[in-house]
Amino acid sequence: MSDRSLFDKVWDAHRVRELGGGQTQLFIGLHLIHEVTSPQAFAMLREMRLPVRFPSRTFATVDHIIPTHSQRRPLADALAEQMLVALEASCREHGIRFFDPASGHQGIVHVIGPELGLTQPGMTIACGDSHTSTHGALGAVAFGIGTSQVRDVLATQCLALARPRVRRIDVTGKLSAGVYAKDVILAIIRRLGVKGGVGYAYEYAGPVIEAMGIEERLTVCNMSIEGGARCGYVSPDDLAFEYLRGREFAPRGEAFERALGWWRQMSSDPDARYDDRVEIRAGELAPAVTFGIHPGQNVGVDERLPRPAEAPGDEAASLEEAYAFMGLRPGEPIAGTPIDVAFVGSCTNGRISDLREAARVARRGRVAAGVKALIVPGSQAVARQAEAEGLPEVFRAAGFEWREPGCSMCLAMNPDKLVGREICASSSNRNFKGRQGSPTGRTLLMSPAMVAAAALRGRVTDVRELV
Amino acid sequence: MSERRVERVRGRGCAIRGHNIDTDRIIPARYLRCVSFDGLGEHAFADDRQQAKGDHPLDQARFDGAAILIVDHNFGSGSSREHAPQALMRRGFRAFVGGSFAEIFAGNCLALGLACATLGDAERARLQDRVELRPSEELELDVEARTLASGLGVLRLEIAEHVREHLLAGTWDATAVLLDAGPAIEETASRLPYARGFAA
């Protein structure tokens with residue numbers, strides 16, 4: 001058989017057995033947990049008197065609730081401390097490795113998996129977090145799951161899943177300067193819709209994806225879920241394999257050479273068959289900015305906001321709702337929209353390459369008066385690398401705050417939140433109503449470079465004017 | 001498992017309109033700062049309700065005690081938080097009828113024994129109108145027949161085959177089903193080169 005996609009091969013290799021109704025029992029190679037969606041799963045396990053089946057295949061960290069001002073224990077917020085203590089106790093009880101703040105490996109779960117080499121090609125991965133699709137960038141098939149499923153993986157190292165179809169998305173042409181991976185995935189979601197991926201796994205391919213670094217691919221795969229897809233991946237190539245060489249949990253020496261053989265074998269065949277194919281032309285893309293209340297509602301920074309009357313069916317009502325919430329008007333340009341807060345970070349764009357791009361822009365000026373600007377590294381390792389490169393000094397000199405690693409302002413489970421109707425230029429992944437902590441707060445998603453540009457000018461700015 | 005079988009859901013309906021209602025709206029993140037699901041019910045749709053100033057369907061007395069929630073497209077999108085269906089379940093909802101559902105949300109519902117069924121746009125709009133006009137009318141969702149009986153007559157629903165089978169058999173709580181595979185789990189692991197550390 002030489003017409004199979006990576007998805008087909010991974011699915012077949014991990015199949016334990018067929019269940020009824022078109023579901024398959026799938027073995028999960030790597031299980032990542034964090035403090036928000038696992039405590040109830042451990043409680044259920046205790047109630048059922050079940051052990052963790054493969055404790056060495058689960059790894060934990062703390063990211064959602066951790067404050068970014070200071071990680072000192074006990075955490076200032078008693079509820080956050082309680083969640084952290086609960087996770088520590090569960091990990092100790094079951095023999096699960098916990099990358100806590102003292103370990104030097106703490107960070108956002110989707111940042112540390114790849115950087116530690118836990119995430120590997122050909123694996124199945126699960127985590128109680130929808131952005132688990134991130135790990136697909138290294139050629140893994142990675143599912144976001146709920147708490148009951150976290151319990152299932154702890155108890156059985158398996159999930160019961162219906163097999164999705166596979167859509168290959170070819171990104172062709174070449175990205176122009178100032179256009180990033182974030183702009184590519186926002187364009188894909190704009191084109192295919194926020195529910196266009198329901199029932200599908202997305203395989204990202206084509207010259208633009210091949211030319212991307214692994215961190216850019218992580219950004220693309222991260223937002224697969226925003227397009228409704230069950231998972232997203234890039235078939236692994238030499239760049240992915242070399243990324244893993246020497247990482248703490250990657251195979252070493254001769255084992256690495258043997259791994260290479262298997263990883264190559266698991267890659268999509270050149271003539272693999274797909275259920276659907278889509279082409280996105282990258283040459284036409286400008287830096288993207290969302291203007292609404294879901295990530296599909298985005299335009300190029302040089303465009304005007306769409307008129308509901310010209311939108312197809314369902315979307316007209318959603319646009320009206322978006323404009324009412326955002327206080328923006330159809331027909332107006334998005335460029336020039338004033339902002340109150342700028343946030344660079346998250347599992348989408350909190351890696352070292354993201355911070356470098358933001359710093360490149362930050363060197364061009366100072367944060368505008370009245371704008372609060374935060375830089376939050378995705379992990380302790382990212383923070384160490386940034387420090388080695390002198391990036392915190394660059395940011396501080398320009399008036400940005402340099403924080404400690406965590407999910408921060410992406411989702412408002414820690415002290416970093418919008419206040420009132422503040423509007424935030426954000427490198428995160430969701431512009432949902434209330435997402436950043438204020439029920440009426442507003443989010444404009446964009447690339448880290450665009451966030452930095454907006455911070456300097458105090459309004460949405462085409463980063464290509466600055467660098 | 002017989003006591004866990006879900007063959008039908010009977011009860012009054014409630015309509016929440018709007019596409020792409022994400023799980024951050026169903027249960028805002030600040031209510032996830034907890035180590036148990038207890039008490040989540042009262043916070044369902046907290047921000048939407050506050051902004052609707054008492055006019056949100058969940059605050060209207062006529063929908064008190066409703067068991068079937070009628071929604072639109074892509075309901076439950078976004079975050080994987082099981083807290084979302086947990087909150088709705090703790091408010092008394094046992095089934096969802098919508099245009100379409102986000103996949104993680106639908107999977108979380110099944111894990112709690114809650115049915116997600118889809119219905120075409122025109123019929124769904126009629127059903128929402130009906131529920132708003134006659135909120136005290138009893139609806140009956142029949143899982144086996146894939147139908148919804150209401151004052152509008154009997155509507156045909158779509159329910160994924162695995163959802164239907166697990167609800168009818170009472171096996172929606174997957175742990176026991178997965179454990180039944182026994183040593184086949186370890187056998188599968190032993191065939192995976194990475195699970196053997198890529199040993200020669």
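This is a predicted model: local features need pLDDT of at least 70, side-chain atom pairs count only at pLDDT 80 or more; totals for chains, interfaces and linings use all residues.
Between the two chains, 53 residues of chain B are in contact with 67 residues of chain A.

**The side of chain B that touches chain A**
- Six helices of chain B, namely α1 (23-26), α2 (46-52), α4 (103-111), α6 (161-169), α7 (174-179) and α8 (184-190), each supply at least two residues of the side that touches chain A.
- Sorted by class, this side of chain B has 23 nonpolar residues, 19 polar residues and eleven charged residues.

**B:Phe96 and its surroundings**
- B:Phe96 lies in strand β3 of chain B, which runs over residues 95-98, and B:Phe96 counts as buried because 25 other C-beta atoms lie within 10 Å, where 20 or more are required.
- When neighbours within four places in sequence are left aside, the residues in contact with B:Phe96 are B:Leu69, B:Val71, B:Phe75, B:Cys109, B:Leu114 and B:Cys116.
- B:Ala181 is 85 residues from B:Phe96 along the chain, and the C-alpha atoms of the two residues are separated by 31 Å.

**Helix α14 of chain A**
- Helix α14 of chain A spans residues 380-388, and its buried residues are A:Gln380, A:Ala381, A:Val382, A:Ala383 and A:Ala386.
- The cover over these buried residues includes three helices of chain A, α4 (109-115), α13 (352-362) and α15 (391-397).
- After α14(A) comes A:Gly390, which has a positive phi near 75 degrees.

Methods. Residues are numbered from 1 along each chain as its sequence is written. Chains are lettered from A and ligands numbered from 1 in the order in which they are written. Two residues are in contact if their C-beta atoms, placed from the backbone, lie within 7 Å. Helices (H or I, at least four residues) and strands (E, at least two) are DSSP runs, numbered from the N terminus. Ala, Val, Leu, Ile, Met, Phe, Trp, Tyr, Cys and Pro count as nonpolar, Asp, Glu, Lys and Arg as charged, and the others, Gly among them, as polar. A residue is buried if 20 or more other C-beta atoms lie within 10 Å of its own, exposed if 12 or fewer, and partly exposed in between; C-beta atoms are placed from the backbone.
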